[in-house]
Each structure stands twice: as C-alpha cells, then as structure tokens.
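The structure is shown first.

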Amino acid sequence: MTTATRTAIVRIVLSVAVVMVVAVLLVPGLADRLRSGVVAGVGALRALGHGTLALGDGFVLAMGVTVATALLPVLLAGASRASRPDAIRRRSVASGVVVLLLAVAAALPAAYPGDRFRSVALAGLVGVGIGALADAAWHARARAAHASGRTRRVAWTLAAAYGLVVVLVATAGSPVDGGAYPTLVRAIAAGQRLGAPGWLGYDAVEFTANVLFFVPFGFFVLLLFGARAWWVGMLGGFVASCAIETVQALFLPARFASVDDVLANTSGAVLGVLVGVVVLGRARRS
C-alpha cells in the first residue's frame, strides 16, 4: 500500500469518526442509548462467571473513552506525511484540544456539567497520552530494531530483580494491598470530594496499579531483544499474567483470580513495549 493510499484511507476514517461523534452529541438520546448498550454488554460478560469484567460501569465507560481517544494521534499521524518529533508534539496537542472540546460538548446537556466534563476530559487525555506514545513508537521503530550490548546488560540485571518482585507479589498468601486498603479508600473518597470523577474508585485504582506493575515487563523485553521482538513483550505479558492468575486460583485460596487482572497486566506489557521502542530509538539516535 502506498503512502498516498494509506493517507486517503485514514482521512476517510477520520471523516467518518467526526460524523459519528457529531451525531452522538447532537441527536437527542443517542448518547444515552449508546451508554446503556455498553453497560448491558458489560453486564452480560459479568454473567459469564466470577471475576469476569468485575469493573464498575463508570470505569468501563471511561476505559472506552480512553481507547477511542488513543486513536486520535495515531489517525492524525496516518493522515499526514510528517514524521519529525515536533510533528508528533503538534498531533498530541491537537488531539488534546479535540478531547477538551468534546468534553465541553458532552457536558453541556448533562445534569451535572462539571462532573461530566472532568470525567470525559480525564479519560480522554489519558487516551491522548497513550496514542502519543504509540505515535512516537511508530516513528522510532526503525532505529530501535536492534538492542545494543550495553542495554542488554543493564536490562538483564533489572529484569532479574523485577522478576523476583513479580514472583513474590504473585505468590503472596494474601493481597499485597490488604493492609493499605482502608487508607486507600479514604484517599479515594477525599479525592472525589475534591472533584475527582466518580468512576475513579477502588476498582479503577487497582486496575491502574496492575497496568503499571506490568509496564516493566514489556520494557525489559524491548531492551533485551529490540523492536522486532515487540510481539514477544505483548504476548509474554499475556501468558505470564494468565500463569499468575492460574496459580492464584489453584493454590492460593486467599487470592482472587480475575480476567480484569489479565487485561490490566497485558495492557501494561503493551505500554511497556511502546515505551521500550521509544527509549531504544532515542538511545540509538543519540
């Protein structure tokens, strides 16, 4: 596929996306029906069994906004032929402005506009950050194709220490956050009183912590094997998370195996791969 063809396809996708967003914002009741459909779908998945998508409805909707807005910088990159670092920054800023405008449009008809604006804006800006990382990784992939001997030596040492931490946390007889749970709940409640979105509850914090916990996994894989092994970091994160949840389900009665954890851990490994590509690419350029 030529660059001109790819650019034309991406521009068509962007146009369709704009029309869909405008329809959702302007057609009365369409946004509420869409939200209800998503919630119903999540409820059906929960009915499949214990631990299957146990996240709250509000957080699931916020995740949907994050995933959708993460595509913005990537689509803008595909719609243009610029590949300079300053172009990546411009696409990120433009995407952020779009998200804030959409948050304003979504908040206007809401009963509590401030709450709706903060919810959409926070989830959307997180998505823009992830999309900008993917944009930067795409443009750094050629330089990051091979890992150097120095990065491999450093990565092996850090990966060994990280692997030990993962084993200790995964095989602990009780949840590692058990002692901090009351303090964490109080902190979350205080944050919501100060204006944090309602979906930013304990399940959101726990999910985010599991994402961050597996970011080093993908990062170290990239430092060890280079950008061409990106799929090893992503697939390895999924396999390792499944193994951890299986061990917890079979041998640790005080721990709870969850599909949410597999989703969070795998997402963290994917983010770690993207970070690794960017870091390795910049190290090669310097």
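The entries below record what I looked up, beginning with the conventions.

**Conventions**

I worked on a predicted model, in which local features need pLDDT of at least 70 and side-chain atom pairs count only at pLDDT 80 or more, while totals for chains, interfaces and linings use all residues. Residues are numbered from 1 along each chain as its sequence is written, and side-chain values use heavy atoms, with hydrogens and water left out.

**Entry 1: the second largest pocket**

I looked up the volume of the second largest pocket and noted about 1300 Å³. A pocket here is an open set of points on a 1 Å grid over the protein atoms alone, where a 1.4 Å probe fits, with protein on both sides within 12 Å along at least five of seven lines; lining residues have an atom within 4 Å of a point. Grid points are joined across faces, edges and corners, and the volume is the space filled by probe spheres set on the points.

I counted 46 lining residues, of which Ala 70, Ile 130, Gly 131, Leu 271 and Leu 274 are the closest to the centre of the pocket. The elements that contribute two or more residues to the lining are helices H3 (57-79), H5 (113-140), H8 (202-225), H9 (230-251) and H10 (259-285). Helices (H or I, at least four residues) are DSSP runs, numbered from the N terminus. H5 gives the most, with 12 residues.

By type, I recorded 32 nonpolar, nine polar and five charged residues in this lining. Ala, Val, Leu, Ile, Met, Phe, Trp, Tyr, Cys and Pro count as nonpolar, Asp, Glu, Lys and Arg as charged, and the others, Gly among them, as polar.

I then took Ser 119, which is placed in helix H5. Ser 119 counts as buried because its relative accessibility is 17%; buried means under 20% relative accessible area, exposed over 50%, and partly exposed in between (1.4 Å probe, protein chains only). Beyond residues up to four places away in sequence, Ser 119 touches Pro 197 and Trp 199, where contact means heavy atoms within 4.5 Å.

Val 120 also lies in helix H5. At a relative accessible area of 19%, Val 120 is buried. Its contacts, leaving aside neighbours within four places in sequence, are Val 65, Val 99, Ala 103 and Ala 106.

H8 has 24 residues and reaches 36 Å from its first C-alpha to its last, close to the expected 34 Å; the expected span is 1.5 Å times one less than the number of residues. Just after H8, Gly 226 has a positive phi of about 90 degrees.

Within H8 I examined Asn 210, which is buried at 19%. The side chains of Asn 210 and Asp 261 are joined by a polar contact of 3.0 Å. A polar contact is a pair of N or O atoms within 3.5 Å; within protein, one must be able to donate a hydrogen and the other to accept it, and residues adjacent in sequence count only if both atoms are side-chain atoms.

**Entry 2: Arg 152**

Which helix holds Arg 152? I found Arg 152 in helix H6 (residues 149-170). Arg 152 counts as partly exposed because its relative accessibility is 34%. Its side chain reaches the backbone oxygen of Leu 224 at 2.9 Å.
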